[in-house]
Amino acid sequence: MHIGLDLGTSSLIAVLSEDGKPRARAMRPLSTASPHPYWSEQQPEDWWQAALSALDELLAPLGPGGRAGVRAIGLSGQMHGAVLLNDAGRVLRPAMLWNDGRAHAECAALTRALPEIGMIAGVPPLPGLTAPKFPWLARHEPHILGAVRHVLMPKDYLGHRLHGGHVSDPSDAAGTLLFDQAGRCWSDALCAAAGVGPAWLPALRHGHEVAGGLSGTVARRLGLPEGLPVVTGGGDTATGAVSVGAIEDGAAFLSLGTSGQVFLAGDRYRPNPERLVHAFAHTLPARWYQMAAMLNGARPMAWFAGVAGSDIAPLLAEAETVPPDRVPLFLPYLTGERTPHGDPHIRGAFYGLEDGTGRAAMMRAVVEAVAFCFADAFDSLDGGAGIAGPIPAIGGGTRSDFLLRTIADVTGHAIGRASGATAGPSIGAAKLAALATGDLSRDDIARRPVPGKVFEPRSAPVLGARLQRWRALYAALKPLTEGGA
């Protein structure tokens, strides 16, 4: 048995797996604070308490004897966040997350300081990435920056609490804008441009390598063996890829979590910063990937359900019944957008509301908008040419047939709901743990799953026309938000 821990934005998920298949699952919700415009923060201690609680639930049915069968713990987590520690290992401030947009001015400064930054780091400077957060700290919280001695990404902070070390993997390092993608190492030039001390950064090991042994204190707390291997794991995009075998050249998948991604694995580094495609190192050796990354995946559906005072499922059922000609347009950019716009200032908006517009029509507009974002994503990846279907989809948004069907119709790609889709990154982390212990092979990891349900694209001229109007709506509203708040 192997444990996979995935530290998401809205929840922490722990799975117990056997032979790469989930046996049990526990989830703990997480909250995000936005004390000022553009800010998005979480408390690392909340992550740790959520992890302990989820592990307690996961392990309780095993009993003391059964826990001895756990072979390793693998890690996965939200990318780009900055956990800042002082020399005593104390967290200095709340972690600034991947969807934190405060450092937009610093991105322009980084580009001026190092014009070739996009080719080195695999993507141009974007506010949610890790590096721009440090010049922001230098301007606004210099006392915090002066005390920093270690910088960890979110999943690596959980690893630190489990084994005591400071270790990351290439895929999580790739999302910091401090990493040389081609060389697969920290970049002195990028660190210098961002004002980051190279000694602050964690040691790098591949996702299937052991980061450290479970400490005695934590082992006794959980009833697990001291020294149990804690496997480095990867950023949630890379571990999600592992969960569906997206490792070899040309293998792709979609992720529909809080954010959204279209992921395409490769065997070499293929930067394309002009299209705002992320070209990052994979968590396994000699593998990279290209990714269209959207800040707003399935999250707008949950947001609107909250506004409407409804659960998502019944609201989606209502939305399916609304005729297309009664549906407004919706821009889903609740926290700005990355691919294809690189626009931290744009925000969400409904257009075309009438006196008779109700929540069902508005929810249908939200679903369409999420699908339209994936159409933009595929366009950024040359339309997805050469990607063999059906493309596996993972993440909480895959619960909705309506959403997956709409994405297939809009993009023209067959979409398949992956087995265990809602727990993808945690399963990927568990598979990396099994690879580390020799219980799974590289061939096992690369095996593509048979989708549980496939959504073939249908002719959708009405959606195609609405997609063009939706793109025009963004272009019309962009001038109103340029320059930010």
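1. Arg466 is a residue of helix α18, and, as the model is a predicted one, what follows should be read as a description of computed coordinates. With a relative accessible area of 6%, Arg466 falls under the 20% cut-off and therefore counts as buried.

2. The side chain of Arg466 extends to the backbone oxygen of Val327, at 3.0 Å. Apart from neighbours within four places in sequence, the residues in contact with Arg466 are Pro324, Val327, Pro328, Leu329, Glu368 and Phe372.

3. Helix α18, spanning residues 461-481, packs against helix α14, residues 359-380, at an angle of about 80 degrees and with the two axes 10 Å apart. Because angles of 65 to 115 degrees count as roughly perpendicular, α14 is described as roughly perpendicular to α18. On the α14 side the contact is formed by Glu368, Ala369, Phe372, Cys373, Ala375, Asp376 and Asp379, while α18 contributes Leu463, Arg466, Leu467, Trp470 and Arg471. Sorted by class, this contact between α14 and α18 comprises 7 nonpolar and 5 charged residues, with no polar ones.

4. Ser259 sits in the loop that runs between strands β15 (252-256) and β16 (260-266), and with a relative accessible area of 15% Ser259 is also under 20%, so that this loop residue is classed as buried. The side chains of Ser259 and Gln261 are joined by a polar contact of 2.9 Å. Not counting residues up to four places away in sequence, Ser259 touches Trp98, Met294, Leu295, Asn296, Gly297 and Ala298.

Methods. Residues are numbered from 1 along each chain as its sequence is written. This is a predicted model: local features need pLDDT of at least 70, side-chain atom pairs count only at pLDDT 80 or more; totals for chains, interfaces and linings use all residues. Side-chain values use heavy atoms; hydrogens and water are left out. Helices (H or I, at least four residues) and strands (E, at least two) are DSSP runs, numbered from the N terminus. Buried means under 20% relative accessible area, exposed over 50%, partly exposed in between (1.4 Å probe, protein chains only). A polar contact is a pair of N or O atoms within 3.5 Å; within protein, one must be able to donate a hydrogen and the other to accept it, and residues adjacent in sequence count only if both atoms are side-chain atoms. Contact means heavy atoms within 4.5 Å. Axes are lines fitted to C-alpha atoms, for helices over the stretch in contact, and angles run from 0 to 180 degrees between N-to-C directions. Angles under 35 degrees count as roughly parallel, over 145 as roughly antiparallel, 65 to 115 as roughly perpendicular and the rest as oblique. Ala, Val, Leu, Ile, Met, Phe, Trp, Tyr, Cys and Pro count as nonpolar, Asp, Glu, Lys and Arg as charged, and the others, Gly among them, as polar.
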